[in-house]
Amino acid sequence: MRKRANFDRPMKLSKTSCADLHWWINSADSLFKPIALNQPDATLFTDASSQGWGGVLGQQKSGGHWTALEASHHINYLETLAVFFALKVFQTKLSGKHVDNMTAVADIGLENEAADAESRKPLKETEWALDREIYQQGIQLLNMTPVIDLFASRLNYKVKPFIAYQPDPEAQAVNAFTICWKPYLFYAFPPFSIIPLVLQKIREEESTGLVVVPKWPAQPWWPYLMRMHFPLVVSSTLKVNEFFEIPPVPIEITKESGDSVTIQPPSSWIGLAPVNVHLLSYLLRAGQTRDKDGNVRHNSHAKPKADGLVIHIHGGGFVAQSSKSHEIYLRSWAKSLNVPILSINYALAPELPFPRAMEECLFAYIWALQNFDRLGTTGKHIALVGDSAGGNLSVSLCLKAASYGVRLPDGILTSYAPFNVQFRPSPSRLLTLLDPLLPVGILTQCLAAYTGTTAKGNEGVLEKKQSGAKSVSEKADHLSPKDDCCLADDRLLPDVVKDSHSGSAQIPHASSEFDLVHSQMNNLRPTRSQSDSDLLNGSNVNTDENELHDVSSCGLLIDEHLITMTKNPYISPLVASNEQLAKLPPIDLLACTMDPLLDDSIEFAKRLRGVGNKVELYIVDDLPHGFLSFYMVCQEGREANELCIACIKKILLGKRNVTESSTPPIY
């Protein structure tokens, strides 16, 4: 027909075409919907420009910018897309109003000044976004996958579903503050002006997520941010993350010799009280699921018991922090080691000074030896791990456990720990005069708080917890100089201060992790007898390397009780006897070059090697005291954390008891 161009010539239709035409002829009068209505239920104004789209329904407005791909299309396409987006935004308002392309009436180009204005608005601050590649790298590094984006639009969302700040065609909801965040592992890049509200909501709901904020330490919300618990946000998901209390009842345990010994519960300062512990496990293991009465509850998904167990003691200058504040790296350990971790939340000074913390750590350790089933382990290998003050307590615990003749851990790992609580002037200790993380004032005040003493002129700061109870420092008054360094008996770790009211007492613990050292120490003021500049110049500093210097030698503290107390081997393991040190299990000492306590680890390693202990000393570069708590922010920190994991694995595999140690992975 095209060749002849004869459009008047008859054309034969197929049977299918004829059937379709017959249907239309028979149905046209009965099956139809009107294309236009005289009076619409609602009028939706839309418009599109080269920048974006806009929609107005009554008093409600919405709009947004185009993506680069959308903006490349013809304006007619964009006008139609604007109608589509507007219908999606206002679908709840228009639902049920003449469906099937009659959901709304779009008067394009007519009385649409408001819609036109929405389509031409400049890019808002809420459209800022984290680069998608950086976002992907971040969630891989943090080992987390958010399931919802709280502050986003269809242009910058990182996760679907997302919540928008205004009506958005692809958003699940509008205004993130109208929903509960706790059920979701969220991602949030909020506008800077509402960061305080975001942090407040996270705190109130105890929700978990990844929040992107600028590094603005001068902002009033910055300290609040630093006090928040980051571990849940940035670390591995755990099958077991349980806090519970060990009841204060005596424990009978078999010694290595086969005899039995009864370990009494902690009793100093406040009398009998439960010990708080924290169990973490990457996998649910047999025995870890219990009912409210403590009976084992069968779970078909539980894995067999692990052969290893990590017992952890946190740091914090003896006065602050908890297992919760250290969970940021404990979670990574739980996943990498794949064994249960029992972290001890010991009592804190200055409310409960020495020996309460050591008593509680020892009691929790003994309890763990008798309750492997409860922890999901066979107890074949045990690693005892502590950082900073926790490292000190780990070694002190073993010194005391050895005196009872009970089983010791297969190995100890300490990180940046103080082994000489005396303020001995050494090259690294002089860093406290300049160190922002561990300044001299904080260091000395923490030590004074832990030993139950104060600087002269501040008597009475540490109130006695019970009437008639003597402080540990008072007991030290009656000891001879020989007793100060007496290492074989227990007179400096007394079974003292038994409360006549033996009811359960709540042990106070720090609630915030990052700023409690200052707040706990406000009332403790050490007395200086010489200036920092004098100390730096070497004034009055004894240079005999073979002599251990006490606090008075550098003039930073002059309290005689403190001097006496710090010579107790359970406070300063460095001054323990050769006989005591020889009984310790193999020890890995991790220190860092930027830590004022570096020399403590070096000197302790020398003493341990001198008595034949299988000690390994690891010194990492370019890291400060406490680096484990922020190991994720730098490569050096991540490598040091991996070193800790490697050391613990060696203990848990039984390789730490061989005669020749393998080469350390990192020095």
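Student: Is Cys592 buried or exposed?
Tutor: In this predicted model, Cys592 has a relative accessibility of 0%. A residue counts as buried under 20% relative accessible area. Cys592 is therefore classed as buried.

Student: What is the relative accessible area of Cys18, and how many disulfides does the structure hold?
Tutor: Cys18 is partly exposed because its relative accessible area is 31%. A disulfide requires a pair of cysteine sulfur atoms within 2.5 Å. The number of disulfides in the structure is 0.

Student: Which helix holds Ile25, and is Ile25 buried or exposed?
Tutor: Ile25 belongs to helix α1, which covers residues 15-27. Its relative accessibility is 62%, and the cut-off for exposed is over 50%. Ile25 therefore counts as exposed.

Student: How much accessible area does the nonpolar patch formed by Met11, Leu13, Leu21 and Ile25 have?
Tutor: These four residues, Met11, Leu13, Leu21 and Ile25, form the patch on the surface. Their accessible area together is about 430 Å².

Student: Which are the edge strands of the open sheet of 8 strands?
Tutor: The strand order is β10-β13-β15-β14-β16-β17-β18-β19, with mixed pairing. An edge strand pairs on one side only. The edge strands are β10 (240-246) and β19 (616-624).

Student: What is the average twist from one strand to the next in this sheet?
Tutor: The sheet is open and has 8 strands. From one strand to the next, the twist averages 20°.

Student: Which residue in β16 stands opposite Leu309?
Tutor: Strands of a sheet pair through backbone hydrogen bonds, either parallel or antiparallel. Strand β14 (residues 306-313) and strand β16 (residues 377-387) run parallel and are joined by 7 bridges. Opposite Leu309 stands Ile382.

Conventions. Residues are numbered from 1 along each chain as its sequence is written. This is a predicted model: local features need pLDDT of at least 70, side-chain atom pairs count only at pLDDT 80 or more; totals for chains, interfaces and linings use all residues. Side-chain values use heavy atoms; hydrogens and water are left out. Patches are made of residues with over 30% relative accessible area and no salt bridge: like charges are joined within 9 Å, nonpolar side chains (Val, Leu, Ile, Met, Phe, Trp, Tyr) within 5 Å. Accessible areas come from the Shrake-Rupley method with a 1.4 Å probe; for residues, only the protein chains shown count as cover. A salt bridge is a side-chain nitrogen of Lys or Arg within 4 Å of a carboxyl oxygen of Asp or Glu. Helices (H or I, at least four residues) and strands (E, at least two) are DSSP runs, numbered from the N terminus. Buried means under 20% relative accessible area, exposed over 50%, partly exposed in between (1.4 Å probe, protein chains only). Two strands pair if DSSP finds at least two bridges between them. Axes are lines fitted to C-alpha atoms, for helices over the stretch in contact, and angles run from 0 to 180 degrees between N-to-C directions.
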